[in-house]
Amino acid sequence: MADNADNSFDVVILGGGSGGYACALRAAQLGLRVAMVEKDKLGGTCLHRGCIPTKALLHAAEVADEAREGNSIGVKTTLDGIDMSAVNSYKDGVVAGLYKGLQGLIKSAGITMFEGEGRLVATDAVQVNETRVTGKHVVLGTGSYARTLPGLDLGGRVMTSDQALTLNDVPRSVVVIGGSVIGCEFASVWRSFGADVTIVEALPHLVPLEDQVLSKQLERAFRKRKIDFLLKSRFSELSQDDDGVTVTLEGGKTVTAEMCLVAVGRGASSSDLGFESQGVHVDRGWVTTDERLRTNIPTIFAIGDLVPGLQLAHRGFAHGIFVAEEIADQKPMPVVDINIPRVTYCDPEVASVGLTEEQARTKYGDVDTFEYNLTGNGRSKILGTAGVVKLVREKDGPIVGVHMIGSRMGEQVGEASLIVNWEAYPEDVAQFVHAHPTQTEALGEAALALAGKPLHVHA
Ligand SMILES: Cc1cc2nc3c(=O)[nH]c(=O)nc-3n(C[C@H](O)[C@H](O)[C@H](O)COP(=O)(O)OP(=O)(O)OC[C@H]3O[C@@H](n4cnc5c(N)ncnc54)[C@H](O)[C@@H]3O)c2cc1C
């Protein structure tokens, strides 16, 4: 709790999630006096209700699939079942360990924590319970919440990701409304745990923001895994009783299941926090900023999910670090959404960075692309995964987009991100030697092909 007699600081951060705590740590490193206000748990959505617990479930799902499939490669295994309370203990243990570590980091950095719900009460002050905390700069990082649709009331058998992470049993069947990142990740977990899953998506494809090649490959893989999905299908209404839920789609088709997950996106957590009354510009809940993350009030910044754009923890980290350095007058480079890597951790994993082919054509007119199929990649063959690595380059120019699907592809997004952010040419990447047999070779092979010297590919 507060140790500063007059409760005045260089920086007051509202919200201790990915964006907020990254900002606090960097600002403290830079010698600023920092206060952070958190009403729930330090670490926010990512640590407690997002990235980390979902990825723990996805790892348990992967182990379940491996147990199921062991016999196909001569390892005698059977899957006896899923003990959800043990899975939850494992998941909660991972979260608890990271939470403890983060609390230690914040404490040793000398950051002053204020516990409670904060409210912006002046352009330089946040009120927390009875305490007024003032700052030369205020950083808003209150994050986001799971949205629902009109007519889709939460409660009972209808849940968001928050409740889905705390289920004590594996549902027999689930209808997932929304086929983007969160919907596909939960669909993948539950299918691996043995549930029947149907995804309902209003747009023409699953993971609709990705390059179409990834959406189509994911749809093929989900079909093979017997995950049902209905595309171009809009939710109309839902009823629930003791047996389950019935979802009616526009056009009259119905889907029944034991539970319903609503995964239709996240809205900004900004209502009734004093932002608008202190003159901060808010657009449909989002706090708008310039590229330097400054709001219309010069001393107030906004970061993370609260700022319109990609809702990703590492974007929040990058925003937080950027704002701390901006306040310390270090003139950092702005964080550009399109160059932030994106991963959907379902099976198979979807990973990308930069422009889709369609976006690149709109921006540059002429582009070259190459799709390397993982059937030619030794490590992928050993793992039994199908997939693709696609590169998009500006005509005779740098690689502006990398799009990958297949088991473990998320681990390759680091190299993909370096390629796009350093504006590498395929000829540059082709010079790098990729270890054999690894899945990273797929990126190397795609670059070799695009540089006009394909190796394990029919010319
Ligand atoms: C199911 C799920 C899975 C996800 N998986 C991934 C993933 O794999 N990778 C990835 O990059 N991203 C993932 N995300 C997104 C990621 O969690 C968010 O992008 C990230 O947490 C945003 O950070 P933030 O700091 O902006 O907000 P948050 O993490 O939401 O933090 C905001 C904090 O502010 C606090 N707060 C709000 N209002 C107040 C107030 N008035 N006073 C005091 N405190 C307040 C909240 O309690 C919270 O701790 C996932 C999200 C979900 C829901």
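Modeller: Strands β23 (residues 388-394) and β24 (residues 399-406) run antiparallel, joined by six bridges. Strands here are DSSP runs of E, at least two residues long; helices are runs of H or I, at least four residues; both are numbered from the N terminus. Two strands pair if DSSP finds at least two bridges between them. Within this pair, V392 stands opposite G401 in β24.

This is a predicted model, in which local features need pLDDT of at least 70 and side-chain atom pairs count only at pLDDT 80 or more, while totals for chains, interfaces and linings use all residues. Residues are numbered from 1 along each chain as its sequence is written.

Now the whole sheet. The pair belongs to an open sheet of five strands. The order is β20-β21-β24-β23-β22, and the pairing is antiparallel. At the edges sit β20 (342-344) and β22 (367-373), each pairing on one side only. From one strand to the next, the twist averages 10°. Axes are lines fitted to C-alpha atoms, for helices over the stretch in contact; angles run from 0 to 180 degrees between N-to-C directions.

Next, the helix. Helix α9 spans residues 357-364 and lies across β22, β23 and β24. Contact means that the C-beta atoms of two residues, placed from the backbone, lie within 7 Å. The helix α9 runs at about 165° to β22. So β22 is both an edge strand and one of the strands that α9 lies across.
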